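Trainee: Please take a close look at a single part of this model. I would like the setting first, then the detail.

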Amino acid sequence: MRPGIHPGSRPVVFRDRAADATFLTRSTVESTRSIEWEDGNTYPLVDVEISSASHPFYTGRTRVVDTAGRVERFERRYGRQPAARR
């Protein structure tokens, strides 16, 4: 790799407000805010909307979508039209 073209990575704290969870990891993201971590050091802070702590796929709290009901409702509303013949 060519030197000087990649941003430097450093420890950064990501905070998921939806799950009230924080993660310390390495990143290249820039932030003007900071937070004191459990080890007593101060790290840049980045707020995220969703993470593995709040995403339904990772937490197991998925929602089942009733697609059959949606199709029936569409057909009731607009009627079922016969397929076009060629």
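**From chain to site**

Mentor: Start with the contacts, where contact means heavy atoms within 4.5 Å. Of those in the protein chain with a separation of 6 or more, 34% join residues 24 or more positions apart. The model is predicted: local features need pLDDT of at least 70, side-chain atom pairs count only at pLDDT 80 or more, and totals for chains, interfaces and linings use all residues. Residues are numbered from 1 along each chain as its sequence is written, and side-chain values use heavy atoms, with hydrogens and water left out.

Confidence next. pLDDT is the predictor's confidence in each residue, from 0 to 100. The chain averages 79, and 74% of the residues score at least 70.

Now the layout. The order along the sequence is β-β-β-β-α-α. Helices (H or I, at least four residues) and strands (E, at least two) are DSSP runs, numbered from the N terminus. Buried residues make up 17% of the 86 residues; buried means under 20% relative accessible area, with a 1.4 Å probe and protein chains only.

The part to inspect is aspartate 16. It lies in strand 1 (residues 10-16). Leaving aside neighbours within four places in sequence, aspartate 16 touches Ala21, Val48, Glu49, Ile50, Ser51, Ala53 and Ser54.

Key
Buried means under 20% relative accessible area, exposed over 50%, partly exposed in between (1.4 Å probe, protein chains only).
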